Amino acid sequence: MGQHLSRRSFLGVTAGAAAVAATANLGPTSAFAATVRNGRLIPSDKLGTITFTQRDVPSRIGIAASAALGQAPTMGFLGGPGFPEDPNDLGPLVPLPGGWRELFEFLANLGFKQIEFAGYGQNANNPGGTAGYNSSPEGRANYLAYAHRLRAMLDEFGLVGIGNHGFIPNTWPGPNSPGGAMSDSDYLRFQTELEFASILGLPFMGTGNDPTSAGNRNIEPWTIAGEKWEALNRLTLEWGIYLYPHNHSPAYNFLQDGPIVEVTEDRLTGAPIPPTLVRGESGTRLMQYFLDITAPDLCKLELDIYWAHVAQHQHRWRYDWDGNRVEDIFDPLEQVAKQTMRYPLFHAKDGESTGQPPGVGNGYNFVPFGTGDIDFQNFFANMGAKGYHNPNYEQDNAPGGGSDPGRSLRHSVISAYNMSRLRG
């Protein structure tokens, strides 16, 4: 396990940050500004988060909007003076930030610099309002005007947008596209989303999904996906933006690229099974095949480090082209290091081992960055191209719902500090 700060060994500097956060009047000066920067594995200007982690915050009415409406704000716990060394010290109930402006202020105070969006909407009562895509001229104008307001809020707190999980068209300029071409409606929306991303200054625009469904491991749909993503990237690069896919664990399962073979052993246990016909696997992983068939100057990926480790846990055995059961363990670090420039983006997502045997379950549960069992120190120290990558903290289970609406913000405090102290 790599060096990390556990919940109970968390140093007092974070408690100071939590106390600042509890005032809900957070300026852009980092609470961790005094942290020594020599040897940082995540440079200060690369410290990022995806807002899926804090997705409950934009959707609620914030402190300022609550006051304007004459209603009480959402109250919650942001941590007391002993938090999180003492996980029971949640501090007093305080008004919680809501909407983009107050979330950006909070994140900037923790030292975050880069924002990866998981959608652009917020509660319409918050400063800046909201707008979604509409294909009418007026609708498009309103949507792009909203992009300018969102950009102004990023600029106010010294933040930069790094990417977004959003719209990927179903059609593209290519022979294997449905209908043999890109539809007019897809083209209009795609160009509008690219203009929106350009206003925000995003160098990347993407999706939370694979290039194609990883539920189909046959080589043929993945070959078509390569055509699609190259074609779409030619369009996005006209705006200076790369289009990226993202993985869950199935994306690093084995490609079915061989002949039909007869197998007699269970893939997981090796126990005898009745003769069964399956398609053989050479050992190439789905996402590696995608990289192999696409141009490096066109197609880049985002690696979700947590789900890559789940893939290591889950997808350990394959059937070769002769029908033999072969153990073939995936190495997330090796996957990146051998082609590190293809992976400009990461989801820096930690997991605590469940102790499940290989191949059973996910093997990990979501926890704040630096409190789990994924060796981030080794990963970031040895992946190559130090300072090139953009790690964005994500934790799928961070929001605490109505019973603990401050939890995603408390977990952001923990994770920002642990990311900032990673050395190598």
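**Figure 1. Surroundings of Tyr-120 in the predicted model.** In this predicted model, Tyr-120 touches Trp-100, Tyr-143, Tyr-146, Leu-150, Asn-164, Glu-193, Phe-196, Ala-197, Leu-200 and Leu-202, where residues up to four places away in sequence are not counted. Tyr-120 belongs to the largest nonpolar core, a set of 87 residues, and is listed with Phe-104, Leu-150 and Phe-380 as having the most contacts inside that core. The element that gives the most to this core is helix 5, residues 137-156, which supplies seven residues.

Figure 2. Side chains of opposite charge can pair when their charged atoms come close. The side chains of Arg-316 and Glu-327 meet in a salt bridge, with 3.6 Å from N to O. This pair links distant parts of the chain that are eleven residues apart, since Arg-316 is in the loop between helix 9 (305-314) and strand 11 (317-319), whereas Glu-327 is in strand 12 (residues 325-327). Arg-316 counts as buried because its relative accessibility is 16%, while Glu-327, at 49% relative accessibility, counts as partly exposed. A further salt bridge is formed by Asp-328 and Arg-318, whose closest N and O atoms are 2.9 Å apart. Asp-328 lies in the loop between strand 12 and helix 10 (332-337) and Arg-318 lies in strand 11, so this pair ties together parts that are ten residues apart in sequence. Asp-328 is partly exposed, with a relative accessible area of 23%, whereas Arg-318 counts as buried at 12% relative accessibility.

Figure 3. Arg-410 and Asp-404 meet through their side chains in a salt bridge, at 2.7 Å from N to O. Arg-410 is buried, with a relative accessible area of 5%, and Asp-404 likewise counts as buried, at 15% relative accessibility. A search of the whole structure finds 14 salt bridges.

**Figure 4. Helix 8 and the helices it packs against.** Helix 8, residues 286-293, is mostly covered, for six of its eight residues are buried. These buried residues are Leu-286, Met-287, Gln-288, Tyr-289, Phe-290 and Leu-291. The buried residues of helix 8 pack against helix 7 (219-236) and helix 10.

**Figure 5. Gly-384 in the loop between helix 11 and strand 16.** Gly-384 is found in the loop that lies between helix 11 (376-382) and strand 16, and at 33% relative accessibility Gly-384 counts as partly exposed. When its neighbours within four places in sequence are left aside, Gly-384 is in contact with Thr-340 and His-389. Gly-384 and Leu-333 are 51 residues apart in sequence, and their C-alpha atoms are 9.9 Å apart in space.

**Figure 6. Ile-329 in the loop between strand 12 and helix 10.** Ile-329 has its place in the loop between strand 12 and helix 10 and counts as partly exposed, at 42% relative accessibility. Not counting residues up to four places away in sequence, Ile-329 touches Arg-285, Gln-312 and Arg-316. Ile-329 and Tyr-343 are 14 residues apart along the chain, and their C-alpha atoms are separated by 20 Å.

Technical notes. Residues are numbered from 1 along each chain as its sequence is written. This is a predicted model: local features need pLDDT of at least 70, side-chain atom pairs count only at pLDDT 80 or more; totals for chains, interfaces and linings use all residues. Side-chain values use heavy atoms; hydrogens and water are left out. A nonpolar core is a set of buried Ala, Val, Leu, Ile, Met, Phe, Trp, Tyr and Cys residues joined through side-chain atoms within 4.5 Å. Buried means under 20% relative accessible area, exposed over 50%, partly exposed in between (1.4 Å probe, protein chains only). Helices (H or I, at least four residues) and strands (E, at least two) are DSSP runs, numbered from the N terminus. Contact means heavy atoms within 4.5 Å. A salt bridge is a side-chain nitrogen of Lys or Arg within 4 Å of a carboxyl oxygen of Asp or Glu.
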